[in-house]
Amino acid sequence: MNLQVSGHHLEITPALRDYVTGKLERVARHFDNVIDISVILSVDKLKQKAEVTVHLAGKDVYVESVDEDLYAAIDGLADKLDRQVQKYKQKLQDHHRGNKISDHIGAE
């Protein structure tokens, strides 16, 4: 997994980088096919914004979160991203299972 963290109008400190890395490891645990993660943290007056683009095998997932506190924005981002990745993983598993309506109708 390749992780890139960048900042707009703020400096990315080692503590901030470690916090983002720790939150995004949860996503990598749920789904093995994570190729690349790009995180952009930005500050605009009173709004702290965290954006992430995750390149998965077959799909790109984009999530953003805005909050007054940057750490809260990162927490919200990680939660949203986790839900989206699990949804995509479930969709992949359902498609490979082969449960079709015609299979159930023919059984009756």
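## Lysine 49 and its partners

Glutamate 51 is buried, at 16% relative accessible area. This is a predicted model. Glutamate 51 forms a salt bridge with lysine 49, and their closest N and O atoms are 4.0 Å apart. Lysine 49 is partly exposed, at 27% relative accessibility.

Lysine 49 also forms a salt bridge with glutamate 64, with the closest N and O atoms 3.7 Å apart. Lysine 49 sits in strand β3 (residues 47–56) and glutamate 64 in strand β4, so this pair ties together parts 15 residues apart in sequence. Glutamate 64 is partly exposed, with 34% relative accessible area.

The structure holds five salt bridges. One of them pairs aspartate 82 with arginine 26, with 3.9 Å between the closest N and O atoms. This pair links distant parts of the chain: aspartate 82 belongs to helix α2 (residues 70–97), arginine 26 to helix α1, and 56 residues separate them.

Aspartate 82 is buried, at 12% relative accessible area. Arginine 26 is partly exposed, at 24%.

## The sheet

Four strands form an open sheet in the order β1-β2-β3-β4, with mixed pairing. β1 (2–8) and β4 (59–67) are the edge strands; each has a single partner strand, so one side of each lacks a neighbour in the sheet. The twist from one strand to the next averages 10°.

β1 and β2 (residues 34–44) run parallel, joined by seven bridges. Glutamine 4 stands opposite serine 38 in β2. Helix α1 (residues 14–30) packs on the sheet and touches β1 and β2. The direction of α1 makes about 140° with that of β2.

Methods:
Residues are numbered from 1 along each chain as its sequence is written. This is a predicted model: local features need pLDDT of at least 70, side-chain atom pairs count only at pLDDT 80 or more; totals for chains, interfaces and linings use all residues. Side-chain values use heavy atoms; hydrogens and water are left out. Two strands pair if DSSP finds at least two bridges between them. Helices (H or I, at least four residues) and strands (E, at least two) are DSSP runs, numbered from the N terminus. Axes are lines fitted to C-alpha atoms, for helices over the stretch in contact, and angles run from 0 to 180 degrees between N-to-C directions. Contact means heavy atoms within 4.5 Å. A salt bridge is a side-chain nitrogen of Lys or Arg within 4 Å of a carboxyl oxygen of Asp or Glu. Buried means under 20% relative accessible area, exposed over 50%, partly exposed in between (1.4 Å probe, protein chains only).
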